[in-house]
Amino acid sequence: MSSADTPTARSAGASYGKKIMHDVFSRFGAKLGLTWIAVIAFVAVFAPFLANSHPLLLSINGEVSSPALSFLTSGDVTVLGVFICAVALYFLRLSFTKNIVVLAVVGGGIALLSIIFVNPPQLTVYEQYRVNESAANYDWVIRAPIPYSPKDYIREQGDTGLEAPLSNEHRSHLMGTEENGADVLSRMIHASRIALAIGFIATGIALFIGVILGGLMGYFSGVVDMIGMRLVEIFEAVPTLFLLLIFVAFFERSLYVMMIIIGVTGWPGYARYVRAEFLRLRQQEFVQAAIVCGLPLRSVLFRHMLPNGMAPILVAASFGVASAILAEATLSFLGLGLVDNPSWGQMLNQSVQSSTFNWWMAAFPGGAIFLTVFAYNLIGESMRDAIDPHLKRKS
Amino acid sequence: MGRHFSVKDFSLFSFLVVLMIIMLLSMYMVDRQWSKMAQMERLMDEQAKDLRQMQGMVRNIEKDLRKGQVVVAPASQNTGINASADTPLPDAFRRAISATRQDDYQEGDWYVQSIATGLKTITPLISQDVYSSNIQSYILESLLTRDPDTLEWVGLIAKDWQIHEDGLTFTFNLRENVVFSDGTPLKAEDVVFSYQFIMDERIAAPRSRAYIEKIESVTALDKFTVEFKYKEPYFNALSLAGGMSILAKHFYEPYLEKAEEFNQSKGLLLGSGPYRLADPKGWTPDQGLVEVDRNPRYWGTVQPSFDRLLWKVIENDSARLTTFRNGEIDVYSARPREYQNLLKDDDLINRTQHFEYMSPSAGYSYIGWNQNKSGEITRFADRRVRQAMTYLTDRQRIIDEIMLGYGEIAISPFNPRSNQHDSSLKPRDFDLKKAQQLLAEAGYQDTNGDGIIEDQTGTPFEFELTYFQGNEDTKRIILFLKDLYASAGILMKPKPTEWSVMLDLLGKRDFDAISLGWSSGIETDIYQMFHGEQIDNNGDNFIHYKNPELDELIDQARVTVDEKKRMPLWQQAENIMFQDQPYTFLMRRKTMAFIDNRMKNVAITKLGLNSSSVPIEWYVPQTQQKYFH
Amino acid sequence: MYTYIVRRLLLMIPTLLGITLVVFIVMASAPGGISAQSLVEGQNLEPQAKKALEDYYNKLYGLDSPAPIQYLRWLNNVSPVGFTFDEAGNLDGFSLFKGSDLGKSFRYGRPVTDLIAERVPITALLNIISIPIIYIIAVAIGVRAATQRGQSFDVGSSAMMLGLWSIPTMLTGVLLIGFFASDQYWHWFPTSGLNDRVALDMVFLPHWGSLSDILILIFSVLFATAFFIWMSRWSKPYTRAACFAVIGLLAGFFMADALPEKEQGLITYLMITSLAAALFGAVAYAQYSVLRVFFMGLVGLGIGFIVAFYFQEGPFVRGFLLDRAWHLVLPIICLTYGGFAFLSKLTRTAMLENLLSDYARTAKAKGVSDNDVLWRHVFRNSLLPLITVSASLLPSLLGGSVIVESIFSIDGMGKLAVEAVKGRDRELVLSITLISGLLTLLSYLIADLCYAIADPRVSYE
């Protein structure tokens, strides 16, 4: 807890941050949580290759083509690109801020390029692959492990609808099918993207606003503090779910709107933490020294004070991601979520919509939500246990 | 440390808490009893009033008897007592009377139904949905009603009626013993008032007004005789005059001055029917429930069997089924897949009776192709394109796979079992080649190889199909059609919309294609939907369809009163629509209903299931009655 | 102290203003905004009638003025101190006792105050019953976990609480209804609402047919409860566990038997009986006597009731009170589990901090009994974070009620809020925001006051 561990002293042995990270992830709970999140992240990134009706490779009369690749959207490409970049950076071991900057630049670049150059055909007829295969038009076909796309309603088989897992003789659906005939497992895989995206981006927005406002409040107390605290109180006192409902009901429903709204309603918690930390840190000598040296304000706030006060914020952030995922699921459940794309909450909603209780529609998406939230909570718990000085002492 | 919190303190504390809770509960209990007593007092007041009336009448009869005037004429002085031997039993009650003659007939019990959407209002003329009209049919009555077996008109409030030779004037003689539920007698002036009320521009009832406008005048010839005069011959004239709900003048007239209060009222409902609202002015939608109880002053020959009718608002589909399974509602209409699953449920089959039938008023669903959007002619103005879309819409597969066979293809707006329909017309089956041929003729081909066909100017064939997002089956059909059209190179983008937004888009004619449905009747009048005049003026021809030949046929048919001459005109109109395909007519759906076993006398008539017949034909035997009072 | 309270009450006003302003801005900036348009659309009227209705709404609700004026007018209506207007809408004067008028709901046509007054008691009922349950269970588990730090109870209960906290409320609601309130599995609880329709006409208290029925009831309940409590106090844990596991086996068997024909199968039977036996055995084996006695006593109570109902002869009228209680069981479960999971972890953390403190060690060294140290010293000091959290418990319960009320179709404030938002009912939305904001701020204030009472070091002078 030595506040002398400023970033500049990082070269001397393991820094405070790294020590804490090591502590956290040596605990069993955090390991479990991290494993699950890694699985979900992997699934989300490689979704187009894991669950797709378009075969990965196919050969007609000697010509080899890859429908899966040709139908990739710009979003898919961007996510893949960012993932590869992140893996590369892990091995390069740059500093934290440099990592973020490189990721952002590469991510933005790939996004721009893919929007311009990646244009998958707009019309998709999913049945053609199965029909052609049974008519033996292909030399050979390599399919994705789960050969169904989330919007493939299996038309050529006719009478499809809700089916329990593995109940159909002709096709195997590991988690059953939903109301229109689409495979549940494939929809869940593609829905994990939305869950993770909302979790991270919404919390990111909330963190961003909260840290800045909280930092300003903590650093300059007085008038700024009073106004800021009123703002915090206002946003805390509005029932979150209610405000979310109002936003979503009055504006149109799109993924970006939801992310921004969940972020905007979540910042007060972080602001409070940052404010408390900054109030405490303001009196420390290193901060006084930095001010006296004439360093600019943003440097004092974000390079000196913030890294020392990050600990409780990270804990709160972990719980915050969990609650963001829950908020999105709740909104979808109440019927105000996204319309077309699959999301876990919307699938949970389907389990109540139809008149018989279809347990697989409740168990699998519900289970996925539960496990993800549980994973984030475990990580948050472990972080809290690792950071809290009181609990370090053995009684 | 002075204060010790010991076990004694804890038990004292919990004892106090328990005491407080008991006091609160008993206060609540006393309050409940009080409101119940107030209710009973009100009922007793009403009964006392009725008793006094009867006493007065008996005294009058006594006086007349003593004076030697023997009262033979049955009409003037009885209220609600069975008609004497002179006047024949009203035909309208024939079926209800035969129900009461069954061995186990017993009055009593409740009939609980469910409503799938929240009700906005149940005030007559303002309400626009089918549930409110169902509720109103038990409270309001009209001059005539249709016999479910013969489909002929029989007199309800009207004793008999005469049609003059010119076919433009109808005279109705009203029964003299009809009273509204608050005791006020119903006279000819109420009929006249009903007409004037609808025609008053201040009342927001444009739909009803559009029909009633055909009547030139309604006059009261004397206290119990009314004359309807039409401007020109109209084939549905008797139905229009006889089917108008009679509103109580003394109740509704004050609202002519405060028209806006009436227009935005939620529950102003008073009538002469067998049931009444406990508070005719005070219903509000937040109760989530509509409850009507037996009208103690009902004039009819037969008193209704049920003590109370309830409609519960249950918006969630699965909650509705669960409520039915628990026995909390008595009727459930199932969707195709649900129906098949439920048929396999033995418990349910033992407890209920089920019916599947094609109701004659079952409407048809369709896809309307807008020919003129925002002043520009669209691609759907070309008849070949419309015919191609119909060839691409595989209606048989929709019925087989999504409706599981519980439906039939709709060829035209006319009921296939009526004489309006030309039975030689066969529906267009799914034919991809023919569709592609027609599209090629209209100038569409895939010029740039991206899978989507383009027209001569290079615009790709893509369009938005607007539909109501609340209906699951519609959504499945739309998703299915999307894939079907894709096989011909057409990109269809589904656009789910809220109901109010959709009505708005219809009003502004702002859509490419829209999926909706119309209800039919015994004889369907297609003027509103397909006549050229109805494109503007807020008419329902929102697809901008105009065919002068069809217009002429429609105009002619509407003024032809002779049925034999009218039907061939309708059939010719049907042929034209078959060629033009202004809509792609989708299908008519069967109704599949489950009804609790304790309901007796359930039957299918020419009008469909007799579940909503008024007078009521169902009853529950004494031993099976579930609810009391 | 009083100046502090007054100051806090006064500071609430700008916060409330801010909340309503935020909500109003959101509504006004939505596409379509707040205008008579959105009320009149979708009614398929002819142009003149539409115009007439629009004018009427404009006059009634003042919807044609620009948004800031609408907001100020609404503020004026709501505040008890403000300008008064006469019939024609002209300024009449300024009054200090105007009283607040929350307006009329667009959708329901009734005054908002009436609607809210009808719905608040229901939500309040749910929450008032939940809060004590949450606290009692949380304290029971948290204190034990803290004193048994690192041992099986602590680790097990921590993991379970975290797991419980992670389950979304709607999933629980869906599963509970799907399994326990539907015909397909067990139909032990009602599906929706707060009362059956028939119960509204029933008497308040339950009525038994004959005196012997009441005697059977009292006798069997007392006997069974006493028996199981005695069993829970046996000293040998294995015998306890074995006996109770057998009871669990029987209970599981009966439960599996109660399933409808379709679902019964060998696997279901085995699964349920073994789960029940394991659960009962584990509870009986536990060292934590409070939990053990309570659970086994509860089982005894249940068995007593079931036996009594099985043997009763006369008619039994459920009564309004019991009917309401029966309807409340599932919603309360959904509301409380998240609360007590979170709170128990908090209690544990707070207790741990205080257990390691100097004064606790001193007291123990002084010779104060373990129990006294725990409850009289350590627990009282750990109450503080609990109280602070309780301030945010009420708002989160109100939010949780939204989901629970939607799933269980209970007509409370939460459901009203959802419907108001979906129907874009301006008056209703603003009023509900105001009231929930007021309740939240009040609960913060009460929490701070309790804090001051509990901790003599804290003073607000």
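Which side chain does B:Glu617 meet in a salt bridge? The partner is B:Arg95, at 2.9 Å from N to O. A salt bridge here is a side-chain nitrogen of Lys or Arg within 4 Å of a carboxyl oxygen of Asp or Glu. The pair links distant parts of chain B, 522 residues apart. B:Glu617 lies in the segment after β23 (608-609), and B:Arg95 sits in helix α2 (residues 94-100). Helices (H or I, at least four residues) and strands (E, at least two) are DSSP runs, numbered from the N terminus. Over all chains, the structure holds 42 salt bridges.

This is a predicted model, in which local features need pLDDT of at least 70 and side-chain atom pairs count only at pLDDT 80 or more, while totals for chains, interfaces and linings use all residues. Residues are numbered from 1 along each chain as its sequence is written, chains are lettered from A and ligands numbered from 1 in the order in which they are written, and side-chain values use heavy atoms, with hydrogens and water left out.

The table sets out both interfaces. Contact means heavy atoms within 4.5 Å. Buried area is the accessible area (1.4 Å probe) that two parts lose on being put together, summed over both.

| Interface | Residues in contact | Buried area | Share on carbon and sulfur atoms |
|---|---|---|---|
| Chain C and chain A | 50 residues from chain C, 42 residues from chain A | about 4200 Å² | 79% |
| Chain B and chain A | 28 residues from chain B, 21 residues from chain A | about 2000 Å² | 48% |

**Chain C against chain A**

The count here is 1 salt bridge. It joins the side chains of C:Lys345 and A:Glu381, at 3.5 Å from N to O.

α1(C) gives the most, with 10 residues. By class, the side of chain C that touches chain A has 32 nonpolar, 13 polar and 5 charged residues. Ala, Val, Leu, Ile, Met, Phe, Trp, Tyr, Cys and Pro count as nonpolar, Asp, Glu, Lys and Arg as charged, and the others, Gly among them, as polar.

**Chain B against chain A**

Across this interface the rule finds 0 salt bridges. α15(B) gives the most, with 7 residues. The side of chain B that touches chain A has 10 nonpolar, 6 polar and 12 charged residues. B:Arg476, B:Leu479 and B:Asp483 supply 24% of the area that chain B buries against chain A, more than any other three residues.
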